[in-house]
Amino acid sequence: MDPHAYCQSKAAASGSSFYYSFLFLPEERRRAITALYAFCREVDDVVDECSDSTVAQTKLAWWRKEVAAVFHGTPQHPVACALAEIAPRFNLAENRLIEIIDGMQMDLEFSRYPDFDTLKLYCHRVASVVGLLSAEIFGYQDRRTLDYAADLGMAFQLTNIIRDVGEDARRDRIYLPLDEIRWHGVCEPDILQTRETDSFRRLMEFQIERAQGYYRDAFAKLPANDRRAQRPGLVMAAIYQTTLDEIRRDGCHVLTRRTSLTPIRKLWIAWWTWIRG
């Protein structure tokens, strides 16, 4: 399969909000962001689909070599081939792609996060770095846009964590900072055994407010002259913030259900946000 066709298939199959955010981009930038997203899916799937951590470690090590080949050799994987084509055009840095893999590596080393500082490093690697690379693809004139992109990536990952608390718990993973869990009068068994107490709801309200704070900070940092170029990120933010609103409106039942928007609703939000600029 043609490398870009493979990437498009990978992105479309995910049904992710990320996919809807770049539907309206010009073809060259759409191909580039699709290749980046497909790379993120590939390395994330290594961790999600390999029950043997040794096998996962080996696969991530292979991907590190593929990233090196993107910049210094001949890559083999169709996603890496697509990245090799678009990386020079959009100033994608090798060290940032490696940092995404470093974040996936943390998933093999941590199933709990003691505090927000530790979690923040994970979120930076798996999401803020993606935001920085995406900003390069979308284009910008003011370097302050990179600060916006990093905060927006953090907000996206915190939203994912909130949405997926129950799903992660069923895989014996807790991404909520353990010290904050204790501060709110919640214990690990409450989460692992899906006990949605009043204390747990207060914990989730706290997490939602933090995520919304990162959205507010990101929007405040986006220079006006780069807003149009960075519309894909704003589209995704609109979809993700709507998801957060739904979670809160539903009573924060994230242990027993996974809140998601229908494809048609995501498409409508994407279109409306895009035309508003």
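A helix here is a DSSP run of H or I with at least four residues, numbered from the N terminus. The model shown is predicted.

**Figure 1. Asn91 in the loop between helix 5 and helix 6.** Helix 5 covers residues 78-90 and helix 6 covers residues 94-109, with Asn91 in the loop between them. The phi of Asn91 is near 55 degrees, which is a positive value in a residue other than glycine. Is Asn91 buried or exposed? Asn91 has a relative accessible area of 54%, and it counts as exposed because the cut-off for that word is over 50%.

**Figure 2. Asp172 in the loop between helix 9 and helix 10.** The helices on either side of this loop are helix 9 (165-169) and helix 10 (178-183). Asp172 is not a glycine, yet its phi is positive, at about 60 degrees.

**Figure 3. The helices and the packing of the protein chain.** The protein chain has 14 helices and zero strands. Buried residues account for 55% of its 277 residues. Of the contacts between residues at least 6 apart in sequence, 72% join residues at least 24 apart.

**Figure 4. The surface and charges of the protein chain.** The protein chain exposes about 12,400 Å², and carbon and sulfur atoms supply 50% of this area. There are 36 positive and 39 negative side chains, and the centres of these two sets lie 4 Å apart.

Notes: Residues are numbered from 1 along each chain as its sequence is written. This is a predicted model: local features need pLDDT of at least 70, side-chain atom pairs count only at pLDDT 80 or more; totals for chains, interfaces and linings use all residues. Side-chain values use heavy atoms; hydrogens and water are left out. Helices (H or I, at least four residues) and strands (E, at least two) are DSSP runs, numbered from the N terminus. Buried means under 20% relative accessible area, exposed over 50%, partly exposed in between (1.4 Å probe, protein chains only). Contact means heavy atoms within 4.5 Å. Accessible areas come from the Shrake-Rupley method with a 1.4 Å probe; for residues, only the protein chains shown count as cover. Lys and Arg count as positive and Asp and Glu as negative; His and the chain ends are not counted. The place of a charge is taken as NZ of Lys, CZ of Arg, CG of Asp or CD of Glu.
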